[in-house]
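Student: I have a new structure open and would like to go through it with you. Can we start with the strands and then move on?

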Number of protein chains: 2
Amino acid sequence: MKKSFTRLSDGRELIYYDESDAGPRDAPDRRDLAPLTTESEVRYDPVMDEWVIVASHRQGRTYLPPVELCPLCPSREGRLTEIPEPDYDVVVFENRFPSLTSDPCVGESELTALTRRLPGVGRCEVVCFTSDHDGSLGHLGQSRVRTIVDVWADRTEALSRLDGVEQVMPFENRGDQIGVTLSHPHGQIYAYPFVTPRMTRKLASARRHTDRTGDCLFCALVAAELAAEARVVSTSPGWVAFVPAAARWPYELHLYPLRHLPDLPSLNDRERDGLAALVGDVLRRFDGLFGDPMPYILAVQQAPVRQDRALAHLHLELTSPRRARSKLKYLAGSETAGGVFINDILPEVAAERLRAAAGTPAAGP
Amino acid sequence: MKKSFTRLSDGRELIYYDESDAGPRDAPDRRDLAPLTTESEVRYDPVMDEWVIVASHRQGRTYLPPVELCPLCPSREGRLTEIPEPDYDVVVFENRFPSLTSDPCVGESELTALTRRLPGVGRCEVVCFTSDHDGSLGHLGQSRVRTIVDVWADRTEALSRLDGVEQVMPFENRGDQIGVTLSHPHGQIYAYPFVTPRMTRKLASARRHTDRTGDCLFCALVAAELAAEARVVSTSPGWVAFVPAAARWPYELHLYPLRHLPDLPSLNDRERDGLAALVGDVLRRFDGLFGDPMPYILAVQQAPVRQDRALAHLHLELTSPRRARSKLKYLAGSETAGGVFINDILPEVAAERLRAAAGTPAAGP
């Protein structure tokens, strides 16, 4: 994998990750973009004991452009995009409308005696999975997904070194049903200045389990699901994918490495191949469920940068709000106000359907 | 307020709450509905340390019926609905597709060594606010909203006495943008067999604050917001409504009583009037923001039935996912996978807009 660094005309960093040496990646960004100021801040909620991001500069961001104006396709004569080169394999660049950035123009202050505001320090990156506007992560072929796994791991290492970053989360949102504003196949990476609330809760549960038993909660969970079998959907070398017993979403899969590992950079070569194979497999199963592209969120849950690295156990979560061909699950009063999820589909039934939904094969090698 | 109890033809309980004596409420349900079996269960998630409801019998529930088939309008000749009488003020009945019920046909069992399944014991009720299909809670007039506050309080007391109920949450979902399947003005009441995850977290924060300071966290929060002024939108006798400093949603208001009280039944007469006035006021402000009906969730956050009753402090949360005239906020990767909310609108700006959006006056007295 060859990395080439450049900068866009507004100063944002862009990195080409090429699978073979495609020659120099030195096409300049000819767009003359004005630098953006980023009014991003994080605010502490003393009641929920969580941080919230307030990013009031993002309301004007690009919203469902027509395909001929896609900013994630390669540039060509007369059509300049975010990617200056005329082609690419995988490319990563800083989001033009970031929720977090290295130099937000917001100071630290006290909002009330109970609530502080801090600058929204961190980083938001876009990862383009392919130059093919009509592709999808599940159908790129294993070698490309392996490249993406390596890119995620590389960016996890790089972003973990940035000042103030406490957790790095690569994820993909797919489908306009869940608000995706650009249909070109891409994901995002958020580098947060705090450990996310969900990871904080998972680590608290892990700590209680380890204090009580001496073992890893996540290792115990994987062993329990492999023994129960009913919710296991797929495996690959070093990995297993199962519907969690208390799934919140109609279709939900968790992907765990069998070894106790904190994060993506810790995966060995075989485990990276196994993850690439499993990600492709489960995404094709998702698309196979109803025979068309499934809206989903795929997210990498990895150890915080500094704390609880021995306690954490890398995993990925894949969730879809689609509960029937033309019905979505909405988060209404019970979920939003109570935090109580109501799932209409038995996890064992969802697993059965996902085992049966092999989907169409991947295009590439 | 006069209460009349009856049963629907499938055995579900229905209660008429009449503002004056409308005579006997004894119209029988002539529909001959088959009793439903409810396969509802609650499952413990050992990683998130939360309970999830699995209600696999609900997939066939009524979905956006045309107005002439509305099941929440009063019955008339040839058009039989959930409410047998030809008119009503406020009516409460058990949901035909409940997520929780007093006798779910599911046993207790171990799913894995880490995860238990319990019967989904509890109750889900529907509250019809008015017989007028085209009305809305914000525009009913203060005396009707006061009746609804009294109904919420009465049902909180009744449901708290049911076996296994640990928390009662009245709420309203409004708007098809957030998945509401029936447009007739109505809310719901959930009686949960556990303390909700969000209330659990709030009480944990309150406990830490009280241990450290000896004072109530929520009382301190109210005092801090009243002192800061910037996020206060409205007040009424005994109550204040403000945008929380770390608001998660583009438009979000929290309504607090100034007195330290655990729940709705504890409100005195003046405070009930104050709550009714404030609920109407803030809902009309919400509708005034864009000049049309705003999608929202309104939920009553009250003390658990048994535990932490001195620690809790009643409040209501009103949230909308609408971030611009034709744009909704979606919960994507950061929110769903990380639990990190990203708000595009500064809470102080939202408060300013809500102060300016007085809305149209209520219809009634």
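Student: Which residue is the bridge partner of B:V42 in strand 4 of chain B?

Tutor: The partner of B:V42 is B:I53. Strands here are DSSP runs of E with at least two residues, and helices are runs of H or I with at least four, numbered from the N terminus. This is a predicted model, in which local features need pLDDT of at least 70, side-chain atom pairs count only at pLDDT 80 or more, and totals for chains, interfaces and linings use all residues. Residues are numbered from 1 along each chain as its sequence is written, while chains are lettered from A and ligands numbered from 1 in the order in which they are written.

Student: In what sense do strand 3 and strand 4 of chain B pair?

Tutor: Antiparallel, over six bridges; strand 3 of chain B covers residues 40-45. Two strands count as paired if DSSP finds at least two bridges between them.

Student: And which strand of chain A pairs with strand 4 of chain B?

Tutor: Strand 18 (residues 342-343) of chain A, in the parallel sense over two bridges. There, A:N343 stands opposite B:V54.

Student: What is the strand order in that sheet?

Tutor: The order is 18(A)-4(B)-3(B)-7(B)-6(B), an open sheet of five strands with mixed pairing. Strand 18 of chain A and strand 6 of chain B are at the edges with a single partner strand each, so one side of each has no neighbour in the sheet.

Student: Switching to the interface, how many residues of chain B are in contact with chain A?

Tutor: 65 residues of chain B, against 65 residues of chain A. Contact means that C-beta atoms, placed from the backbone, lie within 7 Å. On the chain B side, the largest share, six residues, comes from helix 3 (residues 217-228) of chain B.

Definitions and conventions. Two residues are in contact if their C-beta atoms, placed from the backbone, lie within 7 Å.
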